[in-house]
Amino acid sequence: MTDQPQVSSTGSLSRRMIGIAALWISLLLLGGGLALDRVLSDAITRNFDDGMNYVLTAMIASAEIGPDGEVLFNREPADQRFLEPNSGIYYQISGKGHEDWRSRSLWDRALKVNPEHHDDAPHIYDSNQFPGEDLRVMERSIILPGSDTRWMFMVAQAREGLDAQIKTLRSTLFESFALLALGLIVLATLQTIYGLRPLRKVRHEIVRMRAGEKNRVTEPMPAEVLPMVEELNALLAHNERQAEEARTHAGNLAHALKTPLTVIMNAATAQSPDLGDTVIREATTMRRQVDHHLARARAVGRRGAAQSRAEVWASLDAVERAVQRLYPEVRIDMDGDKEAAVRVERQDLDEMLGNLIENAAKYGGGSVFATVGRKGAMVEILVEDDGTGIPQADRTRIFDRGVRLDSGKPGTGLGLAIVRDVAEIYGGSVALEESDDLGGVLVRLRLPAA
């Protein structure tokens with residue numbers, strides 16, 4: 001018993017599809033989350049800065065020069081946190097040659113000022129000048145009416161509130177996107193399991209076929225799986241046909257050999273004086289039957305080969321040389337498409353052409369003409385001779401096994417039967433007609449083009 005070939009596994013298709021989906025979902029959500037975090041963080045920071053810019057603008061608008069040249073506010077800032085020590089929001093006005101004017105919230109501290117630095121537009125930056133308190137500082141240089149001094153207006157606010165908002169935002173984004181990723185991966189998993197369900201149905205159908213419960217896959221299938229199921233059913237039908245043909249050939253061969261064997265056994269039992277002649281005659285009959293069924297069996301066995309291909313002209317050329325040696329007095333001419341090829345094994349094509357051309361040479365008047373042409377999806381091979389022809393009534397009967405119209409010449413009567421059987425196995429046909437040019441028989445052999 002031949003061991004079944006072991007097919008190696010390339011891994012789980014479900015895990016592969018789920019893994020690809022999970023990776024792609026994670027990458028998309030990670031990229032989208034980072035982009036959204038950046039946009040929203042910038043929006044929160046910009047809103048924070050706008051609030052500081054509003055305070056700074058209000059300070060500049062309410063500032064004026066006092067009698068001693070110092071800056072005074074004609075109205076105090078509305079935010080009461082400027083009056084609370086270490087409240088987290090501060091202001092300071094500095095001018096060269098003047099004492100800094102600071103908010104009470106600074107208490108005994110002061111904001112660092114670079115006297116050489118001037119900003120006509122608001123300038124904002126982060127600072128860690130106060131231990132344990134990161135600041136966001138906005139400053140602007142202004143020359144007030146009635147003064148030649150360039151005053152530096154500064155507003156500072158602790159980043160704690162800003163950082164807390166950004167942290168809350170990022171935490172919310174992370175949780176939301178993590179939940180979304182989990183949901184999408186679960187959805188992809190369910191989709192994969194459901195999408196591959198038809199393949200499991202096909203497997204269960206095959207198991208039922210092996211158990212003898214059915215002989216075809218009959219369950220409804222999606223459009224994507226249906227072609228595979230149809231090919232599987234076609235393969236099963238093909239195998240059944242081959243098995244049935246094999247049983248038929250075996251039965252036909254057994255039946256064909258039964259009669260000659262019975263004759264030989266009866267002659268041997270009766271000790272017939274012509275036993276030798278009887279054995280030779282019946283053995284010849286058995287040999288031609290075996291040859292015929294072997295030719296059919298070979299063709300059936302090779303029919304399913306996808307790579308079956310034979311060049312017609314090369315086969316004709318080889319057959320012509322072989323027949324010319326047997327019948328040197330016969331003239332054999334060939335014409336037609338030299339590039340034609342058929343979906344037939346070369347050995348079977350040689351056997352069919354050999355039988356046809358040999359018959360034409362044997363029973364014709366000395367001239368044989370072979371023509372190759374293309375007719376749609378088929379290749380037609382015409383073999384004509386200049387013999388006496390075959391009556392219309394006998395053109396079908398002559399394809400039967402053992403039928404010979406001319407018993408005066410050697411032969412088994414199986415040549416045309418083999419040609420017909422092998423041609424039909426490959427999806428072709430053979431027919432007898434009358435040759436208009438030579439006057440004898442025209443054999444039209446049609447085979448599928450490669």
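In this predicted model, helix α6 buries Val-312, Trp-313, Ser-315, Leu-316, Val-319, Glu-320 and Val-323. These residues lie on the same side of α6, because they cover an arc of only 150° around its axis. Their cover includes β8 (310-311), β9 (331-336), β10 (341-342), α7 (346-363), β11 (367-375) and β12 (378-385).

Another part of the chain forms a hairpin from strands β13 and β14, with six residues between them. The strands, residues 429-434 and 441-448, pair in the antiparallel sense over six bridges. Within this pairing, Ala-431 stands opposite Arg-444 of β14. In the turn, Gly-439 has a positive phi of about 90°.

The whole structure contains four aromatic pairs. The ring centres of Phe-73 and Tyr-91 are 5.7 Å apart with the planes at 65°, so this pair is edge-to-face. Phe-73 belongs to strand β2 (residues 71-73) and Tyr-91 to strand β3 (residues 89-95), 18 residues apart. Both Phe-73 and Tyr-91 are buried. Phe-73 also pairs with Trp-101: the centres are 4.6 Å apart and the planes at 35°, so this pair is tilted. Because Trp-101 lies in strand β4 (residues 101-102) and Phe-73 in β2, the pair ties together parts 28 residues apart in sequence. Phe-73 has a relative accessible area of 10% and is therefore buried, whereas Trp-101, at 25%, is partly exposed. Together with Phe-82, the residues Phe-73, Tyr-91 and Trp-101 form one aromatic cluster.

A ring also takes part in a contact with a charged side chain: Arg-109 lies over the face of Phe-130, 4.2 Å from the ring centre.

Conventions
Residues are numbered from 1 along each chain as its sequence is written. This is a predicted model: local features need pLDDT of at least 70, side-chain atom pairs count only at pLDDT 80 or more; totals for chains, interfaces and linings use all residues. Side-chain values use heavy atoms; hydrogens and water are left out. Buried means under 20% relative accessible area, exposed over 50%, partly exposed in between (1.4 Å probe, protein chains only). Helices (H or I, at least four residues) and strands (E, at least two) are DSSP runs, numbered from the N terminus. The arc is that of the directions from the helix axis to the C-beta atoms. Contact means heavy atoms within 4.5 Å. Two strands pair if DSSP finds at least two bridges between them. Rings of Phe, Tyr and Trp (its six-membered ring) pair if their centres lie within 6.5 Å; planes under 30 degrees apart count as stacked, over 60 as edge-to-face and the rest as tilted. A charge sits over a ring if NZ of Lys or CZ of Arg is within 6 Å of the ring centre and within 35 degrees of the ring normal.
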